[in-house]
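Open the model in your viewer and keep the selection tool at hand.

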Amino acid sequence: MELKSMILGHFLVVSLALNAGLLYKDYSKGKHKSQHTFIFKNESLVTKMAFLETNKAPLTEVIDLDHGDPTMYEKYWQQLGDRTTVVIPGWKFISYFSDKRNLCWFLEPEFGDAIIRLHKLVGNAVTDDRYIVVGTGSTQLFQAVLYAVSSPNASEPINVVSAAPFYSVSLLELVSLLELLSSLELLCSYPLITDFLKSGLYKWAGDAHKLEKDNKPYIELVTSPNNPDGSSRQSVVNNKQGILIHDLAYYWPQYTSISSSPADHDIMLFTVSKTTGHAGTRLGWALVKDHEIAKKMTEFIVLSSIGVSKESQIRAAKILQVLSDSHENKDHFKESQPFFHHSYNLMAKRWKQLRGAVKTSKLFSLPEFPHGSCAFSGRNFASQPAFAWLKCEGEIEDCESFLRDHNILTRSGKHFGDSAKYVRISVLPRDELFDQFIDRLSALNST
Ligand SMILES: Cc1ncc(COP(=O)(O)O)c(C=O)c1O
(Lines give C-alpha, C1' and ligand atoms only; values in the text may rest on other atoms or scores of the structure.)
Protein backbone atom coordinates (compact mmCIF):
# COMPACT_ATOMS: atom_id res chain seq x y z
CA MET A 1 0.00 0.00 0.00
CA GLU A 2 2.80 2.35 1.06
CA LEU A 3 4.80 1.45 -2.06
CA LYS A 4 1.72 2.05 -4.23
CA SER A 5 1.11 5.51 -2.82
CA MET A 6 4.81 6.34 -3.16
CA ILE A 7 4.71 5.41 -6.85
CA LEU A 8 1.52 7.38 -7.34
CA GLY A 9 3.00 10.35 -5.48
CA HIS A 10 6.13 10.18 -7.58
CA PHE A 11 4.10 9.99 -10.74
CA LEU A 12 2.00 12.98 -9.76
CA VAL A 13 5.13 15.05 -9.26
CA VAL A 14 6.41 14.04 -12.71
CA SER A 15 3.02 14.77 -14.22
CA LEU A 16 2.89 18.21 -12.59
CA ALA A 17 6.36 19.00 -13.86
CA LEU A 18 5.41 18.03 -17.41
CA ASN A 19 2.33 20.20 -17.36
CA ALA A 20 4.22 23.11 -15.83
CA GLY A 21 6.55 22.74 -18.79
CA LEU A 22 3.62 23.65 -21.01
CA LEU A 23 3.14 26.94 -19.24
CA TYR A 24 6.81 27.84 -18.95
CA LYS A 25 8.24 26.56 -22.21
CA ASP A 26 11.90 26.68 -21.44
CA TYR A 27 13.85 27.38 -24.61
CA SER A 28 17.18 27.37 -22.90
CA LYS A 29 17.34 23.70 -21.90
CA GLY A 30 18.19 21.66 -24.92
CA LYS A 31 18.02 18.06 -23.76
CA HIS A 32 14.47 17.37 -22.70
CA LYS A 33 11.87 16.40 -25.25
CA SER A 34 9.15 18.43 -23.51
CA GLN A 35 10.65 21.51 -25.12
CA HIS A 36 8.65 20.64 -28.20
CA THR A 37 5.91 18.56 -26.78
CA PHE A 38 3.29 18.89 -24.15
CA ILE A 39 0.67 16.71 -22.59
CA PHE A 40 -3.02 17.43 -22.92
CA LYS A 41 -4.78 17.97 -19.60
CA ASN A 42 -7.23 15.14 -20.14
CA GLU A 43 -4.56 12.59 -20.86
CA SER A 44 -5.13 9.38 -18.97
CA LEU A 45 -2.84 8.02 -16.32
CA VAL A 46 -2.24 4.91 -18.38
CA THR A 47 -1.14 6.86 -21.47
CA LYS A 48 1.22 8.98 -19.41
CA MET A 49 2.71 5.85 -17.89
CA ALA A 50 3.21 4.37 -21.33
CA PHE A 51 4.96 7.53 -22.49
CA LEU A 52 7.25 7.66 -19.48
CA GLU A 53 8.15 3.99 -19.70
CA THR A 54 8.57 3.41 -23.42
CA ASN A 55 9.62 6.88 -24.56
CA LYS A 56 7.18 6.49 -27.49
CA ALA A 57 4.86 9.41 -28.06
CA PRO A 58 1.29 8.59 -27.14
CA LEU A 59 -1.17 9.88 -29.70
CA THR A 60 -2.30 12.56 -27.27
CA GLU A 61 1.15 14.12 -27.17
CA VAL A 62 1.46 17.15 -29.38
CA ILE A 63 4.29 17.10 -31.91
CA ASP A 64 5.18 20.68 -32.66
CA LEU A 65 6.84 21.14 -36.06
CA ASP A 66 5.44 24.59 -36.66
CA HIS A 67 8.63 26.57 -36.27
CA GLY A 68 12.07 25.95 -37.70
CA ASP A 69 14.11 25.70 -34.50
CA PRO A 70 17.28 23.98 -35.73
CA THR A 71 17.88 21.75 -32.68
CA MET A 72 18.77 18.88 -35.02
CA TYR A 73 22.35 20.16 -34.93
CA GLU A 74 22.71 19.98 -31.15
CA LYS A 75 23.99 16.39 -31.12
CA TYR A 76 26.80 17.09 -33.55
CA TRP A 77 28.13 19.97 -31.50
CA GLN A 78 27.77 17.93 -28.33
CA GLN A 79 29.97 15.24 -29.87
CA LEU A 80 32.68 17.83 -30.42
CA GLY A 81 32.81 18.49 -26.68
CA ASP A 82 35.09 21.34 -25.72
CA ARG A 83 36.41 22.08 -29.19
CA THR A 84 33.97 24.97 -29.50
CA THR A 85 34.08 26.14 -25.90
CA VAL A 86 34.93 29.81 -25.59
CA VAL A 87 36.06 31.39 -22.35
CA ILE A 88 35.77 35.16 -22.13
CA PRO A 89 37.37 36.97 -19.18
CA GLY A 90 35.34 39.75 -17.59
CA TRP A 91 37.65 42.54 -18.78
CA LYS A 92 37.26 41.67 -22.46
CA PHE A 93 34.94 43.37 -24.96
CA ILE A 94 34.20 46.41 -22.89
CA SER A 95 34.42 48.77 -25.85
CA TYR A 96 31.64 49.44 -28.35
CA PHE A 97 34.23 49.15 -31.12
CA SER A 98 35.71 46.09 -32.82
CA ASP A 99 37.73 47.61 -35.65
CA LYS A 100 37.46 51.36 -36.22
CA ARG A 101 39.03 51.09 -39.66
CA ASN A 102 36.29 48.83 -40.94
CA LEU A 103 33.13 50.33 -42.47
CA CYS A 104 31.18 47.93 -40.23
CA TRP A 105 33.19 48.91 -37.14
CA PHE A 106 31.36 46.52 -34.79
CA LEU A 107 32.27 43.44 -36.86
CA GLU A 108 34.77 41.35 -34.89
CA PRO A 109 37.70 40.63 -37.27
CA GLU A 110 37.76 37.01 -36.10
CA PHE A 111 34.13 36.55 -37.12
CA GLY A 112 34.68 38.30 -40.47
CA ASP A 113 37.67 36.02 -41.19
CA ALA A 114 35.72 32.91 -40.23
CA ILE A 115 32.88 33.91 -42.59
CA ILE A 116 35.26 34.40 -45.52
CA ARG A 117 37.03 31.13 -44.81
CA LEU A 118 33.73 29.23 -44.70
CA HIS A 119 32.44 30.72 -47.96
CA LYS A 120 35.72 29.91 -49.66
CA LEU A 121 35.55 26.35 -48.35
CA VAL A 122 31.98 25.78 -49.56
CA GLY A 123 32.14 27.99 -52.64
CA ASN A 124 28.57 29.21 -52.19
CA ALA A 125 29.14 32.97 -52.33
CA VAL A 126 31.67 35.50 -53.56
CA THR A 127 33.36 37.34 -50.72
CA ASP A 128 36.09 39.21 -52.61
CA ASP A 129 35.42 42.94 -52.90
CA ARG A 130 32.41 42.64 -50.64
CA TYR A 131 31.56 44.47 -47.44
CA ILE A 132 30.53 42.24 -44.57
CA VAL A 133 27.84 43.68 -42.33
CA VAL A 134 27.03 41.72 -39.19
CA GLY A 135 23.56 41.78 -37.65
CA THR A 136 21.61 40.36 -34.75
CA GLY A 137 20.31 37.53 -36.89
CA SER A 138 19.55 38.00 -40.54
CA THR A 139 16.21 39.33 -39.27
CA GLN A 140 17.92 42.57 -38.27
CA LEU A 141 19.91 42.63 -41.50
CA PHE A 142 16.73 42.34 -43.55
CA GLN A 143 15.42 45.49 -41.87
CA ALA A 144 18.79 47.17 -42.32
CA VAL A 145 18.70 46.46 -46.07
CA LEU A 146 15.17 47.82 -46.43
CA TYR A 147 16.30 51.00 -44.71
CA ALA A 148 19.48 51.18 -46.77
CA VAL A 149 17.98 50.74 -50.22
CA SER A 150 14.83 52.82 -49.90
CA SER A 151 14.96 56.49 -50.71
CA PRO A 152 14.24 58.92 -47.82
CA ASN A 153 12.90 61.51 -50.29
CA ALA A 154 10.49 59.29 -52.21
CA SER A 155 6.89 60.53 -52.39
CA GLU A 156 5.54 57.14 -51.28
CA PRO A 157 6.91 53.99 -49.62
CA ILE A 158 8.66 51.59 -51.97
CA ASN A 159 6.89 48.23 -52.55
CA VAL A 160 8.52 45.12 -51.09
CA VAL A 161 7.56 41.85 -52.80
CA SER A 162 8.49 38.19 -52.86
CA ALA A 163 7.17 35.35 -55.02
CA ALA A 164 4.52 33.23 -53.22
CA PRO A 165 4.76 31.02 -51.33
CA PHE A 166 6.85 33.32 -49.16
CA TYR A 167 7.55 33.41 -45.49
CA SER A 168 4.50 35.12 -44.03
CA VAL A 169 1.97 35.44 -41.24
CA SER A 170 -0.44 38.30 -40.59
CA LEU A 171 -0.29 40.46 -37.47
CA LEU A 172 -3.67 39.29 -36.17
CA GLU A 173 -2.72 35.68 -36.63
CA LEU A 174 0.59 36.39 -34.99
CA VAL A 175 -1.01 37.70 -31.82
CA SER A 176 -3.24 34.65 -31.42
CA LEU A 177 -0.47 32.26 -32.41
CA LEU A 178 1.94 33.83 -29.98
CA GLU A 179 -0.57 33.36 -27.18
CA LEU A 180 -0.71 29.72 -28.15
CA LEU A 181 2.86 28.92 -28.98
CA SER A 182 5.31 31.62 -27.98
CA SER A 183 6.95 30.85 -31.31
CA LEU A 184 9.79 33.31 -31.79
CA GLU A 185 10.44 32.34 -35.37
CA LEU A 186 7.08 33.76 -36.38
CA LEU A 187 8.59 37.18 -35.98
CA CYS A 188 10.85 36.47 -38.95
CA SER A 189 7.93 36.73 -41.37
CA TYR A 190 8.80 39.07 -44.22
CA PRO A 191 5.45 40.94 -44.35
CA LEU A 192 5.45 41.42 -40.61
CA ILE A 193 9.02 42.69 -40.39
CA THR A 194 8.39 44.99 -43.31
CA ASP A 195 5.25 46.57 -41.89
CA PHE A 196 5.49 46.38 -38.11
CA LEU A 197 6.91 49.91 -37.73
CA LYS A 198 4.61 51.30 -40.44
CA SER A 199 7.63 52.83 -42.10
CA GLY A 200 7.17 55.69 -44.51
CA LEU A 201 10.10 54.28 -46.50
CA TYR A 202 8.80 50.88 -47.60
CA LYS A 203 5.70 48.70 -47.44
CA TRP A 204 4.87 45.04 -47.98
CA ALA A 205 3.16 44.51 -51.35
CA GLY A 206 2.77 40.71 -51.37
CA ASP A 207 3.33 38.26 -54.19
CA ALA A 208 5.99 39.38 -56.66
CA HIS A 209 4.05 37.70 -59.48
CA LYS A 210 1.20 40.14 -58.89
CA LEU A 211 3.24 43.34 -58.75
CA GLU A 212 1.78 45.93 -61.08
CA LYS A 213 4.05 46.60 -64.04
CA ASP A 214 4.10 50.38 -63.59
CA ASN A 215 7.84 51.01 -63.73
CA LYS A 216 7.92 52.19 -60.13
CA PRO A 217 10.89 51.17 -58.02
CA TYR A 218 10.41 48.03 -55.90
CA ILE A 219 12.38 45.69 -53.68
CA GLU A 220 12.21 41.98 -54.43
CA LEU A 221 13.22 39.38 -51.91
CA VAL A 222 14.58 36.21 -53.42
CA THR A 223 14.89 33.39 -50.91
CA SER A 224 16.78 30.46 -52.35
CA PRO A 225 16.33 27.70 -51.38
CA ASN A 226 12.93 29.02 -50.46
CA ASN A 227 11.18 28.96 -47.12
CA PRO A 228 8.55 27.32 -47.10
CA ASP A 229 8.72 25.11 -50.21
CA GLY A 230 12.46 24.49 -50.63
CA SER A 231 12.53 25.50 -54.29
CA SER A 232 15.59 27.12 -55.85
CA ARG A 233 14.64 30.57 -56.99
CA GLN A 234 15.51 33.54 -59.11
CA SER A 235 13.90 36.96 -59.25
CA VAL A 236 10.54 36.98 -61.02
CA VAL A 237 9.77 40.66 -61.68
CA ASN A 238 12.85 41.46 -63.77
CA ASN A 239 12.50 45.18 -64.16
CA LYS A 240 15.40 47.68 -64.14
CA GLN A 241 13.70 49.57 -61.31
CA GLY A 242 14.04 46.61 -58.99
CA ILE A 243 16.43 46.20 -56.08
CA LEU A 244 17.10 42.56 -55.27
CA ILE A 245 17.82 41.13 -51.84
CA HIS A 246 18.95 37.51 -51.88
CA ASP A 247 18.21 35.65 -48.68
CA LEU A 248 20.53 32.64 -48.89
CA ALA A 249 19.91 31.35 -45.37
CA TYR A 250 19.53 27.80 -46.71
CA TYR A 251 22.15 27.88 -49.47
CA TRP A 252 24.41 25.34 -47.75
CA PRO A 253 25.39 21.83 -48.87
CA GLN A 254 23.28 19.92 -46.33
CA TYR A 255 20.13 21.35 -47.95
CA THR A 256 20.89 21.76 -51.64
CA SER A 257 23.63 21.30 -54.21
CA ILE A 258 26.10 24.16 -54.48
CA SER A 259 26.55 25.50 -57.97
CA SER A 260 30.02 25.57 -59.57
CA SER A 261 29.98 29.38 -59.63
CA PRO A 262 29.58 31.05 -56.26
CA ALA A 263 26.51 33.28 -55.80
CA ASP A 264 27.45 36.78 -56.87
CA HIS A 265 24.44 38.97 -56.08
CA ASP A 266 24.53 42.58 -54.92
CA ILE A 267 23.09 41.89 -51.47
CA MET A 268 23.23 38.41 -49.94
CA LEU A 269 21.99 37.49 -46.46
CA PHE A 270 23.21 34.53 -44.41
CA THR A 271 22.62 33.37 -40.86
CA VAL A 272 24.33 31.03 -38.43
CA SER A 273 20.83 29.84 -37.43
CA LYS A 274 20.47 27.66 -40.51
CA THR A 275 24.15 27.12 -41.28
CA THR A 276 25.34 25.55 -38.03
CA GLY A 277 22.06 25.51 -36.09
CA HIS A 278 23.09 28.22 -33.60
CA ALA A 279 19.86 30.20 -33.80
CA GLY A 280 20.22 31.34 -30.19
CA THR A 281 23.51 33.09 -30.96
CA ARG A 282 21.43 35.53 -33.04
CA LEU A 283 23.97 36.29 -35.71
CA GLY A 284 23.67 36.86 -39.40
CA TRP A 285 25.85 38.50 -42.00
CA ALA A 286 25.31 40.35 -45.24
CA LEU A 287 27.71 40.32 -48.18
CA VAL A 288 27.22 43.64 -49.92
CA LYS A 289 28.77 44.96 -53.13
CA ASP A 290 27.90 48.61 -52.84
CA HIS A 291 29.75 50.85 -50.36
CA GLU A 292 26.79 53.19 -49.76
CA ILE A 293 24.35 50.37 -49.10
CA ALA A 294 26.76 48.70 -46.66
CA LYS A 295 27.27 52.07 -44.95
CA LYS A 296 23.55 52.68 -44.57
CA MET A 297 22.98 49.16 -43.29
CA THR A 298 25.69 49.79 -40.70
CA GLU A 299 23.96 53.07 -39.81
CA PHE A 300 20.66 51.22 -39.29
CA ILE A 301 22.28 48.75 -36.92
CA VAL A 302 23.98 51.58 -35.03
CA LEU A 303 20.65 53.41 -34.70
CA SER A 304 18.78 50.32 -33.56
CA SER A 305 21.34 48.59 -31.30
CA ILE A 306 24.75 50.36 -31.55
CA GLY A 307 26.34 47.26 -32.99
CA VAL A 308 26.11 43.54 -32.35
CA SER A 309 27.20 41.49 -29.33
CA LYS A 310 30.92 40.75 -29.42
CA GLU A 311 30.51 37.70 -27.21
CA SER A 312 28.14 36.21 -29.77
CA GLN A 313 30.54 37.00 -32.60
CA ILE A 314 33.49 35.41 -30.81
CA ARG A 315 31.48 32.29 -30.09
CA ALA A 316 30.17 32.11 -33.66
CA ALA A 317 33.70 32.68 -35.00
CA LYS A 318 34.90 29.71 -32.99
CA ILE A 319 32.06 27.52 -34.24
CA LEU A 320 32.66 28.48 -37.88
CA GLN A 321 36.41 27.89 -37.46
CA VAL A 322 35.81 24.43 -36.02
CA LEU A 323 33.34 23.73 -38.83
CA SER A 324 35.95 24.62 -41.43
CA ASP A 325 38.61 22.67 -39.51
CA SER A 326 36.35 19.60 -39.51
CA HIS A 327 36.67 19.61 -43.31
CA GLU A 328 40.18 20.94 -43.79
CA ASN A 329 41.84 18.97 -40.99
CA LYS A 330 39.69 15.84 -41.05
CA ASP A 331 42.41 13.69 -39.50
CA HIS A 332 42.24 15.64 -36.27
CA PHE A 333 38.52 14.96 -35.92
CA LYS A 334 38.30 11.34 -34.86
CA GLU A 335 35.10 11.86 -32.86
CA SER A 336 32.91 12.98 -35.74
CA GLN A 337 32.49 13.44 -39.47
CA PRO A 338 33.09 16.82 -41.12
CA PHE A 339 30.11 19.04 -40.35
CA PHE A 340 28.53 19.23 -43.80
CA HIS A 341 28.96 15.47 -44.35
CA HIS A 342 27.21 14.76 -41.10
CA SER A 343 24.40 17.26 -41.68
CA TYR A 344 23.94 16.18 -45.32
CA ASN A 345 23.56 12.54 -44.21
CA LEU A 346 21.11 13.45 -41.49
CA MET A 347 18.95 15.50 -43.86
CA ALA A 348 19.10 12.70 -46.45
CA LYS A 349 17.97 10.20 -43.80
CA ARG A 350 15.11 12.44 -42.69
CA TRP A 351 13.86 13.06 -46.22
CA LYS A 352 13.96 9.32 -46.91
CA GLN A 353 11.93 8.67 -43.75
CA LEU A 354 9.51 11.44 -44.69
CA ARG A 355 8.98 10.24 -48.25
CA GLY A 356 8.53 6.69 -46.91
CA ALA A 357 5.86 7.85 -44.43
CA VAL A 358 4.05 9.84 -47.13
CA LYS A 359 4.04 6.80 -49.39
CA THR A 360 2.75 4.53 -46.63
CA SER A 361 -0.05 6.85 -45.61
CA LYS A 362 -1.29 7.72 -49.14
CA LEU A 363 -2.94 10.88 -47.81
CA PHE A 364 -0.17 13.32 -48.68
CA SER A 365 2.34 14.35 -51.30
CA LEU A 366 5.66 16.17 -51.24
CA PRO A 367 7.37 18.27 -53.91
CA GLU A 368 9.99 16.55 -56.05
CA PHE A 369 13.23 18.45 -56.56
CA PRO A 370 15.53 18.22 -59.57
CA HIS A 371 18.92 16.60 -59.05
CA GLY A 372 21.92 18.88 -59.12
CA SER A 373 25.63 18.29 -59.01
CA CYS A 374 27.17 19.78 -55.89
CA ALA A 375 30.47 21.54 -56.54
CA PHE A 376 31.30 21.28 -52.83
CA SER A 377 30.70 17.59 -52.13
CA GLY A 378 30.84 16.16 -55.65
CA ARG A 379 27.48 14.47 -54.97
CA ASN A 380 24.57 14.55 -57.35
CA PHE A 381 21.40 14.93 -55.31
CA ALA A 382 17.94 16.47 -55.09
CA SER A 383 17.40 19.24 -52.53
CA GLN A 384 16.53 18.12 -49.00
CA PRO A 385 15.16 21.33 -47.55
CA ALA A 386 14.89 22.45 -43.96
CA PHE A 387 11.11 22.58 -44.33
CA ALA A 388 8.78 20.08 -45.98
CA TRP A 389 5.94 21.57 -48.02
CA LEU A 390 3.41 18.82 -47.48
CA LYS A 391 0.16 18.66 -49.44
CA CYS A 392 -2.98 16.93 -48.22
CA GLU A 393 -4.39 15.03 -51.17
CA GLY A 394 -8.02 14.14 -51.87
CA GLU A 395 -10.81 15.71 -49.90
CA ILE A 396 -8.81 17.20 -47.07
CA GLU A 397 -9.02 20.94 -47.74
CA ASP A 398 -7.46 22.19 -44.51
CA CYS A 399 -4.28 20.24 -44.00
CA GLU A 400 -3.19 22.15 -40.89
CA SER A 401 -6.48 21.35 -39.07
CA PHE A 402 -6.37 17.76 -40.23
CA LEU A 403 -2.89 17.27 -38.79
CA ARG A 404 -3.78 19.25 -35.68
CA ASP A 405 -6.60 16.78 -35.05
CA HIS A 406 -3.82 14.19 -34.87
CA ASN A 407 -1.79 16.40 -32.56
CA ILE A 408 0.77 17.41 -35.17
CA LEU A 409 1.31 21.18 -35.26
CA THR A 410 2.35 22.61 -38.63
CA ARG A 411 1.83 25.91 -40.43
CA SER A 412 -0.88 26.25 -43.05
CA GLY A 413 -0.06 27.16 -46.64
CA LYS A 414 -2.44 30.10 -46.33
CA HIS A 415 0.06 31.87 -44.08
CA PHE A 416 2.48 31.83 -46.99
CA GLY A 417 0.13 33.26 -49.60
CA ASP A 418 -0.82 29.73 -50.80
CA SER A 419 -3.59 27.12 -50.41
CA ALA A 420 -4.72 25.57 -47.10
CA LYS A 421 -4.15 22.17 -48.71
CA TYR A 422 -0.46 22.73 -47.95
CA VAL A 423 1.41 22.88 -44.66
CA ARG A 424 4.98 23.69 -43.81
CA ILE A 425 6.73 21.23 -41.54
CA SER A 426 10.09 21.72 -39.90
CA VAL A 427 12.60 19.01 -40.73
CA LEU A 428 15.05 20.38 -38.16
CA PRO A 429 13.89 19.18 -34.72
CA ARG A 430 15.82 16.78 -32.51
CA ASP A 431 15.94 13.11 -33.67
CA GLU A 432 13.48 11.90 -31.09
CA LEU A 433 10.72 14.31 -32.10
CA PHE A 434 11.28 13.76 -35.79
CA ASP A 435 11.07 9.97 -35.37
CA GLN A 436 7.85 10.32 -33.40
CA PHE A 437 6.44 12.49 -36.17
CA ILE A 438 7.36 9.92 -38.82
CA ASP A 439 5.68 7.15 -36.81
CA ARG A 440 2.53 9.17 -36.47
CA LEU A 441 2.43 10.31 -40.10
CA SER A 442 2.89 6.76 -41.38
CA ALA A 443 0.00 5.60 -39.20
CA LEU A 444 -2.42 8.11 -40.75
CA ASN A 445 -4.17 6.58 -43.70
CA SER A 446 -7.32 6.89 -45.73
CA THR A 447 -8.94 3.73 -44.36
C1 LIG B 1 14.62 32.50 -45.14
C2 LIG B 1 14.93 32.94 -43.75
N3 LIG B 1 15.65 34.06 -43.57
C4 LIG B 1 15.94 34.48 -42.34
C5 LIG B 1 15.52 33.80 -41.22
C6 LIG B 1 15.86 34.35 -39.86
O7 LIG B 1 17.17 34.09 -39.51
P8 LIG B 1 17.81 34.62 -38.15
O9 LIG B 1 17.62 33.55 -37.13
O10 LIG B 1 19.24 34.84 -38.48
O11 LIG B 1 17.14 35.90 -37.79
C12 LIG B 1 14.78 32.64 -41.35
C13 LIG B 1 14.33 31.91 -40.17
O14 LIG B 1 13.63 30.94 -40.21
C15 LIG B 1 14.47 32.20 -42.66
O16 LIG B 1 13.76 31.09 -42.85
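Helices (H or I, at least four residues) and strands (E, at least two) are DSSP runs, numbered from the N terminus. Residues are numbered from 1 along each chain as its sequence is written. This is a predicted model, in which local features need pLDDT of at least 70, side-chain atom pairs count only at pLDDT 80 or more, and totals for chains, interfaces and linings use all residues.

Most peptide bonds are trans, and most residues other than glycine have a negative phi. The stops below concern these two points.

Select proline 165 in the loop between β3 (158-162) and α6 (171-181).

Next, go to the loop between β5 (218-223) and β6 (242-247), where proline 225 is placed. Which kind of peptide bond runs from serine 224 to proline 225, cis or trans? That bond is cis, and its omega is near -10 degrees.

Now select arginine 282, in the loop between α8 (272-275) and β8 (283-288). Arginine 282 is not a glycine, yet its phi is positive, near 55 degrees. A residue is buried if 20 or more other C-beta atoms lie within 10 Å of its own, exposed if 12 or fewer, and partly exposed in between; C-beta atoms are placed from the backbone. Arginine 282 counts as partly exposed because it has 19 C-beta neighbours inside 10 Å.

Last, select asparagine 407, in the loop between α12 (399-405) and β13 (408-409). Asparagine 407 has a positive phi of about 60 degrees, although it is not a glycine. Asparagine 407 has 18 C-beta neighbours inside 10 Å, so it counts as partly exposed.
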